[in-house]
Amino acid sequence: MAGPVLVTGMGVVSPIGMDLTTFAAALLHGRSGVTRLSDPAVLGDGPVAPLPPLDLAASLSECAALDRESRERIVRAGRRSPLPVRAVLVAATQAWQDAGLHARPVAADRIGLVVGGHNLTAAYAFDQYPGFLRERAYLPARYALHVQDTDHVATISQALRIHGEGCTVGASSASGNAALIHAARLVGAGAVDVCLAVGAMVRLSPLDRQGLTAVEALAASGAACAPLDRGRGGLVPGEAAACVVLEAARCADRRGATADAELSGYAMALDGNALAAPCVEGEVRVMTTALSRAGIDASQIDYVSAHVTGTPAGDDAELAALDRVFGLGTRPPWVNATKALVSHCFSAAAVVEAVATVIQLRDGFVHPNPTLTDPVDTSLRLVGSSPVRAPLTHGLSNAFGFGGFTSSVLLTRT
Amino acid sequence: MDAMEQDRVLAAVRRSVAEVLPELNMATLPVEGTLSDLGANSIDRAEIVTLAMEDLAITVPVVEFQQVQDIAALVNLLRKHA
C-alpha cells in the first residue's frame, strides 16, 4: 500500500442492533439475535437470525447529522428497493455520517464504492415468480434493475452522490473481505481517496435454504447456533448489512477525520477446490501472508475474529489453522465468533465482523460467546459466556467461502 | 357510463402514482400534465403504468404506450382496454 488506509467510518444493521451504538452494546453483552422461523411450511423450522423490521425513512432520521435534503434524496433513491438494498443503504448512510463525509466532504469523483456479495436477489426473484405465472405483464417495471446485484452499487451511488470507481465483488462467504480488500487497493493505488466497502445483506430463498440443507451445512430444527462448541449444529442463516469507510491517511488528515483503526494487512487466496470443503493449508497461508505483508509477527496478534460458522468440518479446519499459526506462542490471541451472536450473514459476514473487530479494538474488550460452554479445542484462548476486558492492538478477521475462497484482514488500532 | 369508467381508470392511475411518488398530493393530480412534470423518471413512469394495469386487471401491449404523452392520454389508453 502506498500509505496507510484508515477506517474512518462504520455502519451496521443487524439482528442485534440497527445502528453502531446498539450493535456495540449487544456485542459487549453477548446478546444473540437467533430465533425460530415464523413460516416453517415454506422455509423449514431451523434457527435463523432475521433482520428486525426496517423503515427506510425512520432509520435515516436516526442519522441526525445529515440535512433534511440529503435524507430525502436517500429515501427517494431507495424507497422502491427490495429490503436488502434498503438495508445496505441504511448501513452505508450511517458509515457516511460516521466518517463525517456530510460535513467535511471529499470530491464525489474521489469516492469509490465496492459492494461485496452475489446472488443477492434470489429471494426477490423467487417472490415475483407466483405473480409472474398468473400474469407476466404485471411483473414490477423495476424488475430489470432490481434483479441485478449491481443495483446495490447503483442505488447507494445515487443516494450518496458517489462518482468514483464502483462495482460488486464476489467470493462466496468471503465476499465481505473481498470488498474490504478491493476497496483498500483502490485507496492504496490512489484510484480514489475514500472507498466504501459494503457487505450486502443476503435473504435466502426457500431454494437456497434447501440447497444448504442438502449439503448438510444448515442447522436443523432445534440445533443451537454454537460455533466452536461441541454442541454446534451447523450454520444458522443471519441477515445483516454493514459498511466500512476506508480512507487514505493523507485525505483523513486533510479534512480532520478521526480513525479507530488502520486496515494494516490482508490476503486472499484460492484453494483450487470447487467444493464446500475447508482447507487448513489455505487458511494458514492467508493468515501468515496478511501478517507478513503488514510486517507483524503472529505473537503480536491480540485477537482473532474467527470465520467459524458452527459446522464441524469448517470449525475444526480453522482451529487447526489457528493452532498452526498461533499455537506455539506463549501468549496466543483471544478468539471469538461474532456468528454466535448474529449468525452467518454470508456476503455481509466479513464486513459485519470487521466492524465488530474495530469496535473491540477501540473499546478494549473481546465479546462473549454465550453458546460456547464446551469448547472443541482448549489450546486457544476462546471467549465463553463473559466478555474479556483487554487492551487490543492487532486483530485478525478471517472469512472463508464455498469454492476455496480464503481471506484474512488485519486491523490495527490507531 | 363513460364518465364513471373515466373516473374508475383515473382513480387507478392516482393510486399507482401515489404508491410510486408518495410525496405528491393526489387530490390535485392534474390530468392535463405529464408524469414527468410531477417528478416521475422513466422507471417511475413504467412502474405507474404496470401498477395501474394490475389495479384494473387489464393488459396493454407495451408498444401502445409509446404514443402516450400525458396523463390524459394514459387514462384514455387504459380505458380502451378496460
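Leaving aside its neighbours within four places in sequence, which residues is A:R86 in contact with? Select A:R86 and you will find A:L54, A:L56, A:G78 and A:S81, where contact means heavy atoms within 4.5 Å.

Before moving on, some housekeeping. This is a predicted model, in which local features need pLDDT of at least 70 and side-chain atom pairs count only at pLDDT 80 or more, while totals for chains, interfaces and linings use all residues. Residues are numbered from 1 along each chain as its sequence is written, chains are lettered from A and ligands numbered from 1 in the order in which they are written, and side-chain values use heavy atoms, with hydrogens and water left out.

**Stop 1: around A:R86**

Stay with A:R86, which is found in helix α5 of chain A; helices (H or I, at least four residues) and strands (E, at least two) are DSSP runs, numbered from the N terminus. Show its side chain and follow it to the backbone oxygen of A:S81, at 2.9 Å. That is a polar contact, a pair of N or O atoms within 3.5 Å; within protein, one must be able to donate a hydrogen and the other to accept it, and residues adjacent in sequence count only if both atoms are side-chain atoms.

**Stop 2: the cavity**

Next, select A:P82, A:P84, A:V85, A:L120, A:T121, A:Y124, A:H146, A:Q148, A:D151 and A:H152, which line the largest cavity. A cavity is a set of points, on a 1 Å grid over the protein atoms alone, where a 1.4 Å probe fits but cannot get out; a pocket is an open set with protein on both sides within 12 Å along at least five of seven lines, and lining residues have an atom within 4 Å of a point. The structure holds 1 cavity of 30 Å³ or more, and the volume of the largest is about 50 Å³. Volume here is the space filled by probe spheres set on the points, with grid points joined across faces, edges and corners. Helices α5 (83–98) and α8 (151–160) of chain A each supply at least two lining residues.

**Stop 3: where the chains meet**

Colour by chain and look at the contact, which takes 18 residues from chain B and 10 residues from chain A. Then select B:I43, B:E47 and B:T50, which supply 41% of the area that chain B buries against chain A, more than any other three residues. In total, about 1200 Å² is buried between the chains, counted as the accessible area (1.4 Å probe) that two parts lose on being put together, summed over both.

**Stop 4**

For the largest pocket, with a volume of about 720 Å³, select A:S172, A:S173, A:L212, A:F346 and A:F402, the closest to its centre of the 37 residues that line the pocket.

Finish at the second largest pocket, which holds about 490 Å³ of space. Of its 22 lining residues, B:S42, B:R45, B:A46, B:V49 and B:F65 are the closest to its centre. Helix α2(B) provides the largest share of that lining, 6 residues.
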